[in-house]
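Here are some notes to read alongside the structure. Take them in order, with the view open beside you.

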Amino acid sequence: MVRQIQGGEGIDTKKPFWIDVQEPTPEELNELAVNHGIPETLIKDCLDPSHLPKYEVFDQIRFFILRFSDETACDKPDADTIRELTRKAAIFYLPHGIITVHRRPHDFLDGAWKWWSKKLGEKSGQLPHLFNSIVRELVRTFDRSLAKVEDTFDRYEVSLLQPMRSEERIEELYFLKRKATVYKKMLWSMKDTLRKADDLPFKNSTHFKNLIEETDKQLFHAEELVEDVNHLMSTQLSIASHRTNEVVRVLTIFSVFFLPLTFVVGIYGMNFQNMPELGWRYGYPAVMGAMLVLVIVIAFWFKRKRWI
């Protein structure tokens, strides 16, 4: 689907426009290429759904490939790849207009579309503001996804000491870390792509600098989340190790109690002929009493060492 906004700009016959292409067919892209002089290599890049962010210049055409976060994919527990968590958007910055190409309709573009459908052409020099507006809304999609990751992280942090199989929690934290890492990589790549566009006529404008700062802000948030999830995973592993040590400690204590008793029983299981206490009337109660005293001594010693 192709939709277009075009506004007047005084008496200039070259009116500013924004063409938005959703779910493009090769025929629609070829028509755009012919009408606006777009090279075939850039059209091929538009059709590649896994393309990473980049910036290229062909004559007066400035071509951006950026990626934005898919909020619905963020809700999937096992989604952890760039292609699952993000979507591609191609932006052509032309002398008198902007063309955006993407596969699916998205709320962030729809909001910008409604606003600019009324504002485009009201005054001159609006294309830089339109470009900044589109990219800013694209970057802000990561803010909403990172907020979801942070909410999930907070929920795991609160439940850290609650009984739960550590293997399950570690697996879930691993996928959470993967999500945050994907967002971090994409934001870093997009920041680098925008910085490479040093030949943009408005690169020194306040709006473009604010756009870089917005990307930096989201990148810092993603980096913080990666570190926090790493720390939480380390804490979870430490807790699991501590619980295992506690179990081993209890089992060791029980084994220490029964080890001398087993020794005593082993002696009387040797079947020697000359064991005087076997014929003694109080032999059995004496041995049982000695074993009880032995257990009490061991328990007292453990208590003094604060092992129990």
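**Notes for a first look**

1. Helices here are DSSP runs of H or I with at least four residues, strands are runs of E with at least two, and both are numbered from the N terminus. Ala180 counts as buried, because its relative accessibility is 0%; buried means under 20% relative accessible area, exposed over 50%, and partly exposed in between, with a 1.4 Å probe and protein chains only.

2. Before going on, please keep in mind that this is a predicted model, in which local features need pLDDT of at least 70, side-chain atom pairs count only at pLDDT 80 or more, and totals for chains, interfaces and linings use all residues. Residues are numbered from 1 along each chain as its sequence is written, and side-chain values use heavy atoms, with hydrogens and water left out.

3. What is Ala180 in contact with, leaving aside its neighbours within four places in sequence? The list is Val149, Ala222, Leu225 and Val226, where contact means heavy atoms within 4.5 Å. Val226 is 46 residues from Ala180 along the chain, and the C-alpha atoms of the two are separated by 5.6 Å.

4. Now step back to the whole protein. Its secondary structure comes to nine helices and six strands. The C-alpha trace spans about 125 × 35 × 30 Å along its principal axes. The radius of gyration is 35 Å, whereas a compact globule of 308 residues would have one near 19 Å; the value is taken over C-alpha atoms, and the globule rule is 2.2 Å times the number of residues to the power 0.38.

5. How much of the protein is buried? Of the 308 residues, 41% count as such. Among contacts with a separation of 6 or more, 68% are between residues 24 or more positions apart.

6. Strand β1 (residues 2-6) has Arg3 and Ile5 on its covered face, while Val2, Gln4 and Gln6 are on the uncovered one. In a regular strand the side chains alternate between the two faces of the sheet. β1 runs antiparallel to strand β2 (residues 17-22), and five bridges join them; two strands pair if DSSP finds at least two bridges between them. Within this pair, Gln6 stands opposite Phe17 in β2.

7. Is Val101 buried or exposed? This residue of strand β6 (residues 97-102) counts as buried because its relative accessible area is 3%. Leaving aside neighbours within four places in sequence, Val101 has contacts that include Val21, Pro24, Leu29 and Cys46, and Lys88, Ala89, Ala90 and Phe92 are also in contact with Val101.

8. Glu23, in the loop between β2 and α1 (26-36), has a phi near 45°, a positive value in a residue other than glycine. Asp59 is found in the loop between β3 (54-58) and β4 (61-69), and its phi is also positive, about 55°, although it is not a glycine. Glu23 counts as exposed because its relative accessibility is 54%, and Asp59 counts as exposed because its relative accessibility is 79%.
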